[in-house]
Amino acid sequence: RLRYACFLKCESVERDADRLQFAVNVKNLTGHKFPSGYPSRRAWLNVEVRAGNETLFASGAWQRESGGLTGIDDELRIPHVDVVERADQVVVYEMVALDDDGAPTTSLIDMARMAKDNRLLPRGWRRDGPHADETAPVGVGDDADFQGGADTVRYRVPLPDEADQLVIVVRLLYQAIPPAWAAPLAASTSAEAAQFLALY
(Lines give C-alpha, C1' and ligand atoms only; values in the text may rest on other atoms or scores of the structure.)
Protein backbone atom coordinates (compact mmCIF):
# COMPACT_ATOMS: atom_id res chain seq x y z
CA ARG A 1 0.00 0.00 0.00
CA LEU A 2 1.41 3.38 -1.00
CA ARG A 3 1.45 6.25 1.45
CA TYR A 4 2.05 9.80 0.37
CA ALA A 5 3.42 12.71 2.36
CA CYS A 6 1.91 15.44 0.18
CA PHE A 7 -0.90 16.01 -2.29
CA LEU A 8 -0.74 18.46 -5.21
CA LYS A 9 -3.64 20.07 -7.02
CA CYS A 10 -3.59 22.54 -9.91
CA GLU A 11 -6.64 24.80 -9.81
CA SER A 12 -8.13 28.15 -10.85
CA VAL A 13 -6.71 27.93 -14.37
CA GLU A 14 -7.39 31.01 -16.51
CA ARG A 15 -5.95 32.07 -19.84
CA ASP A 16 -6.15 35.31 -21.73
CA ALA A 17 -4.36 36.55 -24.85
CA ASP A 18 -0.89 36.83 -23.36
CA ARG A 19 -0.91 35.14 -19.95
CA LEU A 20 -1.77 31.88 -18.21
CA GLN A 21 -2.74 32.02 -14.54
CA PHE A 22 -3.22 29.09 -12.19
CA ALA A 23 -2.72 28.06 -8.59
CA VAL A 24 -0.92 25.07 -7.12
CA ASN A 25 -2.25 23.83 -3.81
CA VAL A 26 0.16 21.72 -1.76
CA LYS A 27 -1.26 19.70 1.12
CA ASN A 28 0.89 18.17 3.85
CA LEU A 29 -0.65 14.81 4.74
CA THR A 30 1.72 14.15 7.63
CA GLY A 31 1.51 15.00 11.31
CA HIS A 32 4.80 16.92 11.21
CA LYS A 33 6.48 19.62 9.15
CA PHE A 34 7.48 18.58 5.67
CA PRO A 35 10.28 17.97 5.04
CA SER A 36 11.37 17.12 8.56
CA GLY A 37 14.41 15.53 10.16
CA TYR A 38 17.95 16.68 9.37
CA PRO A 39 17.83 20.42 8.53
CA SER A 40 19.38 20.07 5.07
CA ARG A 41 16.26 18.43 3.65
CA ARG A 42 14.20 20.47 1.22
CA ALA A 43 11.31 20.09 -1.19
CA TRP A 44 10.43 22.38 -4.05
CA LEU A 45 7.82 22.90 -6.73
CA ASN A 46 8.92 22.10 -10.26
CA VAL A 47 6.31 23.65 -12.55
CA GLU A 48 6.36 23.59 -16.34
CA VAL A 49 4.01 25.01 -18.94
CA ARG A 50 4.29 23.15 -22.25
CA ALA A 51 2.90 23.58 -25.74
CA GLY A 52 3.40 20.25 -27.47
CA ASN A 53 7.06 19.27 -27.01
CA GLU A 54 8.13 22.85 -26.26
CA THR A 55 8.55 24.08 -22.68
CA LEU A 56 7.32 27.68 -22.56
CA PHE A 57 7.98 28.22 -18.84
CA ALA A 58 9.78 26.33 -16.08
CA SER A 59 10.19 27.21 -12.42
CA GLY A 60 12.16 24.85 -10.19
CA ALA A 61 14.18 23.18 -12.91
CA TRP A 62 17.33 21.53 -11.64
CA GLN A 63 20.75 20.57 -12.94
CA ARG A 64 21.00 16.80 -13.01
CA GLU A 65 24.80 16.86 -12.70
CA SER A 66 25.06 19.03 -9.57
CA GLY A 67 21.56 18.80 -8.10
CA GLY A 68 21.40 22.61 -7.92
CA LEU A 69 18.40 24.66 -8.93
CA THR A 70 18.63 26.26 -12.37
CA GLY A 71 18.99 30.04 -12.34
CA ILE A 72 19.58 30.32 -8.58
CA ASP A 73 22.91 31.91 -7.63
CA ASP A 74 22.78 31.43 -3.85
CA GLU A 75 20.69 28.48 -2.72
CA LEU A 76 20.88 29.51 0.93
CA ARG A 77 19.12 32.81 0.16
CA ILE A 78 16.02 31.70 -1.74
CA PRO A 79 13.11 33.79 -0.42
CA HIS A 80 9.66 32.41 0.23
CA VAL A 81 7.34 33.38 -2.62
CA ASP A 82 3.56 33.25 -2.92
CA VAL A 83 3.35 34.41 -6.55
CA VAL A 84 5.64 33.08 -9.29
CA GLU A 85 6.02 35.09 -12.50
CA ARG A 86 9.63 34.33 -13.52
CA ALA A 87 11.76 31.22 -13.93
CA ASP A 88 14.16 32.38 -11.18
CA GLN A 89 11.33 32.43 -8.63
CA VAL A 90 11.19 28.98 -7.06
CA VAL A 91 9.04 27.75 -4.20
CA VAL A 92 11.42 25.88 -1.89
CA TYR A 93 10.13 24.47 1.39
CA GLU A 94 13.13 24.38 3.72
CA MET A 95 14.86 25.60 6.87
CA VAL A 96 17.77 28.04 6.51
CA ALA A 97 19.79 29.01 9.59
CA LEU A 98 22.02 32.01 10.28
CA ASP A 99 25.22 32.17 12.30
CA ASP A 100 26.02 34.81 14.94
CA ASP A 101 27.10 37.23 12.19
CA GLY A 102 23.82 36.86 10.32
CA ALA A 103 25.23 34.80 7.44
CA PRO A 104 23.52 31.60 6.22
CA THR A 105 25.24 28.49 7.51
CA THR A 106 25.05 24.73 7.06
CA SER A 107 27.16 24.07 10.16
CA LEU A 108 24.99 22.68 12.94
CA ILE A 109 27.24 24.11 15.66
CA ASP A 110 27.11 27.63 14.14
CA MET A 111 23.32 27.88 13.80
CA ALA A 112 22.16 30.77 15.98
CA ARG A 113 18.69 31.55 14.59
CA MET A 114 16.46 30.86 11.63
CA ALA A 115 16.24 33.09 8.59
CA LYS A 116 13.64 30.90 6.93
CA ASP A 117 11.48 27.99 7.97
CA ASN A 118 8.70 27.61 5.45
CA ARG A 119 8.53 23.85 5.64
CA LEU A 120 4.92 22.81 5.17
CA LEU A 121 3.12 22.93 8.50
CA PRO A 122 1.42 19.77 9.77
CA ARG A 123 -2.31 19.33 9.50
CA GLY A 124 -4.03 20.92 12.46
CA TRP A 125 -1.29 23.45 13.23
CA ARG A 126 -2.74 26.70 14.63
CA ARG A 127 -1.17 30.01 15.65
CA ASP A 128 -2.94 29.69 19.00
CA GLY A 129 -2.13 25.99 19.38
CA PRO A 130 0.40 24.30 21.65
CA HIS A 131 4.07 25.20 21.04
CA ALA A 132 3.05 27.61 18.27
CA ASP A 133 5.92 29.99 19.04
CA GLU A 134 8.52 27.25 18.61
CA THR A 135 6.94 25.73 15.50
CA ALA A 136 5.69 28.86 13.71
CA PRO A 137 6.89 29.50 10.15
CA VAL A 138 9.72 31.99 9.66
CA GLY A 139 10.18 34.23 6.65
CA VAL A 140 6.81 33.69 4.97
CA GLY A 141 5.80 37.35 5.26
CA ASP A 142 2.11 38.02 4.77
CA ASP A 143 1.36 34.79 2.90
CA ALA A 144 -2.16 34.33 4.27
CA ASP A 145 -2.75 30.90 2.75
CA PHE A 146 0.42 29.39 4.25
CA GLN A 147 -1.34 27.60 7.09
CA GLY A 148 -1.62 24.32 8.93
CA GLY A 149 -1.50 21.52 6.41
CA ALA A 150 -1.39 23.52 3.18
CA ASP A 151 0.05 26.25 1.00
CA THR A 152 -1.25 27.74 -2.25
CA VAL A 153 1.10 29.28 -4.79
CA ARG A 154 -0.14 31.41 -7.69
CA TYR A 155 1.56 31.31 -11.08
CA ARG A 156 1.32 34.04 -13.72
CA VAL A 157 3.03 32.87 -16.89
CA PRO A 158 3.52 35.13 -19.93
CA LEU A 159 2.67 33.40 -23.20
CA PRO A 160 3.93 33.92 -26.74
CA ASP A 161 1.35 34.86 -29.37
CA GLU A 162 1.48 31.50 -31.13
CA ALA A 163 0.95 29.36 -28.00
CA ASP A 164 -1.72 26.77 -28.75
CA GLN A 165 -2.91 23.97 -26.47
CA LEU A 166 -1.09 24.09 -23.17
CA VAL A 167 -0.21 21.47 -20.57
CA ILE A 168 0.72 22.32 -16.97
CA VAL A 169 3.06 19.84 -15.27
CA VAL A 170 3.51 20.12 -11.48
CA ARG A 171 5.91 18.10 -9.34
CA LEU A 172 6.99 18.32 -5.72
CA LEU A 173 10.63 17.26 -5.64
CA TYR A 174 12.63 16.26 -2.56
CA GLN A 175 16.34 16.47 -1.86
CA ALA A 176 17.99 15.09 1.27
CA ILE A 177 21.30 16.91 0.86
CA PRO A 178 21.40 19.95 -1.45
CA PRO A 179 24.70 20.99 -3.07
CA ALA A 180 25.10 23.95 -0.69
CA TRP A 181 25.28 21.47 2.20
CA ALA A 182 27.75 19.11 0.53
CA ALA A 183 30.10 21.76 -0.91
CA PRO A 184 31.73 22.81 2.42
CA LEU A 185 32.98 19.26 2.90
CA ALA A 186 35.40 19.73 -0.01
CA ALA A 187 37.64 21.79 2.31
CA SER A 188 37.89 18.93 4.78
CA THR A 189 40.96 16.66 4.81
CA SER A 190 39.18 13.80 6.57
CA ALA A 191 38.74 10.43 4.89
CA GLU A 192 35.09 10.42 5.96
CA ALA A 193 34.38 13.69 4.11
CA ALA A 194 36.14 12.41 0.99
CA GLN A 195 34.18 9.17 1.11
CA PHE A 196 30.89 11.03 1.59
CA LEU A 197 31.58 13.33 -1.36
CA ALA A 198 32.51 10.36 -3.55
CA LEU A 199 29.17 8.71 -2.71
CA TYR A 200 27.33 12.02 -3.10
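View 1. Tyr38 is partly exposed, because its relative accessibility is 41%. Here buried means under 20% relative accessible area, exposed over 50%, and partly exposed in between (1.4 Å probe, protein chains only). The model is predicted: local features need pLDDT of at least 70, side-chain atom pairs count only at pLDDT 80 or more, and totals for chains, interfaces and linings use all residues. Residues are numbered from 1 along each chain as its sequence is written, and side-chain values use heavy atoms, with hydrogens and water left out.

The count of aromatic pairs is 3. Rings of Phe, Tyr and Trp (its six-membered ring) pair if their centres lie within 6.5 Å; planes under 30 degrees apart are stacked, over 60 edge-to-face, and the rest tilted. Tyr38 and Trp181 form an edge-to-face pair, 5.8 Å centre to centre, with 65° between the planes. Tyr38 lies in the loop between strand E2 (19-28) and strand E3 (42-51), and Trp181 in helix H2 (residues 179-182), so the pair ties together parts 143 residues apart in sequence. Helices (H or I, at least four residues) and strands (E, at least two) are DSSP runs, numbered from the N terminus. Trp181 counts as buried, because its relative accessibility is 12%.

**View 2. Phe196 and Tyr200.** The ring centres of Phe196 and Tyr200 are 6.1 Å apart and their planes are at 20°, so this pair is stacked. Phe196 belongs to helix H3 (residues 191-199). Phe196 is partly exposed at 30% relative accessibility. Tyr200 is also partly exposed, with a relative accessible area of 42%. Not counting residues up to four places away in sequence, Phe196 touches Ile177 and Leu185. Contact means heavy atoms within 4.5 Å. The C-alpha atoms of Phe196 and Ala182 are separated by 8.7 Å, and these residues are 14 apart along the chain.

View 3. Strands E3 and E4 (residues 54-59) run antiparallel and are joined by 5 bridges. Two strands pair if DSSP finds at least two bridges between them. Val47 has Ser59 of E4 as its bridge partner. The hairpin has 2 residues between the strands, and Gly52 takes a positive phi near 65°. The charged end of Arg42 sits over the ring of Trp44, 5.3 Å from its centre. This label needs NZ of Lys or CZ of Arg within 6 Å of the ring centre and within 35 degrees of the ring normal.

**View 4. Asn118 and its contacts.** Asn118 is in the loop between strand E9 (113-117) and helix H1 (132-135). Asn118 is buried, at 1% relative accessibility. Its side chain makes a polar contact of 2.9 Å with the side chain of His80. The side chain of Asn118 also reaches the backbone nitrogen of Glu94 at 2.9 Å. A polar contact is a pair of N or O atoms within 3.5 Å; within protein, one must be able to donate a hydrogen and the other to accept it, and residues adjacent in sequence count only if both atoms are side-chain atoms. Beyond neighbours within four places in sequence, the contacts of Asn118 include Val92, Tyr93, Val138, Val140 and Phe146.
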